[in-house]
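Here is a short report for a reader new to this structure. Start with the view below, then follow the headings.

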Amino acid sequence: MKQLQIFFLSILTLTACSKNKLPDGVLDEQRMVSVLADLTVIDGYMSTLMYTDSLRISGKNFYATVYKHHNISKETFENSMKYYSSQPVLLDSMYSRVARKLEAKEKVLNKIQMKEQFKKVLSK
């Protein structure tokens with residue numbers, strides 16, 4: 001009986017470990033969150049501009065810059081997105097982390113902007 005319990009426990013352990021292994025060409029969660037955060041910034045910037053054909057071309061370049069910065073290809077991002085999209089609960093938690101990351105960046109930028117404005121007021 002004890003051997004049977006050990007057998008089932010080892011099977012359970014092996015299956016749990018295999019679920020954590022990512023397929024080839026898929027970014028780990030932390031890198032994916034960083035890429036998604038950067039792409040969200042690009043999307044936000046592009047949404048402030050008037051849509052033209054040149055913006056569409058520039059947008060591709062912006063995305064390519066993000067991929068290059070993270071040392072990934074467009075295909076790697078798309079494979080990763082497809083993988084994480086098949087796990088909506090995980091993807092939702094990743095987007096929550098993206099939002100927190102962007103909020104933290106926004107706070108830092110707001111502090112810098114306030115310091116700059118304060119310097120201008122003092123220099124007058």
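What percentage of the 124 residues of the protein chain count as buried? The share is 21%, where buried means under 20% relative accessible area, exposed over 50%, and partly exposed in between (1.4 Å probe, protein chains only).

## The model and its layout

This is a predicted model: local features need pLDDT of at least 70, side-chain atom pairs count only at pLDDT 80 or more, and totals for chains, interfaces and linings use all residues. Residues are numbered from 1 along each chain as its sequence is written, and side-chain values use heavy atoms, with hydrogens and water left out.

The protein chain has 5 helices and 0 strands. Helices (H or I, at least four residues) and strands (E, at least two) are DSSP runs, numbered from the N terminus. From that end, the order reads α-α-α-α-α. Contact means heavy atoms within 4.5 Å. Among contacts in the protein chain with a separation of 6 or more, 74% join residues 24 or more positions apart.

## Helix α5 and its packing

Helix α5 covers residues 88–123, 36 residues in total. From first C-alpha to last, α5 reaches 52 Å, close to the 52 Å expected at 1.5 Å a residue. That expected span is 1.5 Å times one less than the number of residues. Leu 91, Met 94 and Val 98 are buried in α5. The buried residues of α5 pack against α2 and α4.

Two packed helices are described by the angle between their axes and the distance between the axes. For α4 and α5, the angle is about 115 degrees and the axes are 7 Å apart. Axes are lines fitted to C-alpha atoms, for helices over the stretch in contact, and angles run from 0 to 180 degrees between N-to-C directions. On the α4 side, Met 81, Tyr 84 and Ser 85 make the contact.

Val 35 is found in helix α2. Val 35 is buried, with a relative accessible area of 1%. Leaving out residues up to four places away in sequence, Val 35 touches Leu 27, Val 66, His 70, Ile 72 and Phe 77. The C-alpha atoms of Val 35 and His 69 are separated by 9.1 Å, though they lie 34 residues apart along the chain.

Asp 38 also lies in α2. Asp 38 is buried, at 19% relative accessible area. Not counting residues up to four places away in sequence, Asp 38 touches Val 66, His 69, His 70 and Lys 105.

## An exposed loop residue

Asn 71 is found in the loop between α3 and α4. At 69% relative accessibility, Asn 71 counts as exposed. Phi of Asn 71 is near 55 degrees, a positive value in a residue other than glycine.

## Residues around the largest pocket

The lining of the largest pocket consists of Leu 39, Asp 43, Lys 60, Tyr 63, Tyr 67, Lys 74, Phe 77 and Glu 78. A pocket is an open set of points on a 1 Å grid over the protein atoms alone, where a 1.4 Å probe fits, with protein on both sides within 12 Å along at least five of seven lines; lining residues have an atom within 4 Å of a point. The lining residues divide into 4 nonpolar, no polar and 4 charged.

Definitions and conventions
Nonpolar A, V, L, I, M, F, W, Y, C, P; charged D, E, K, R; others polar.
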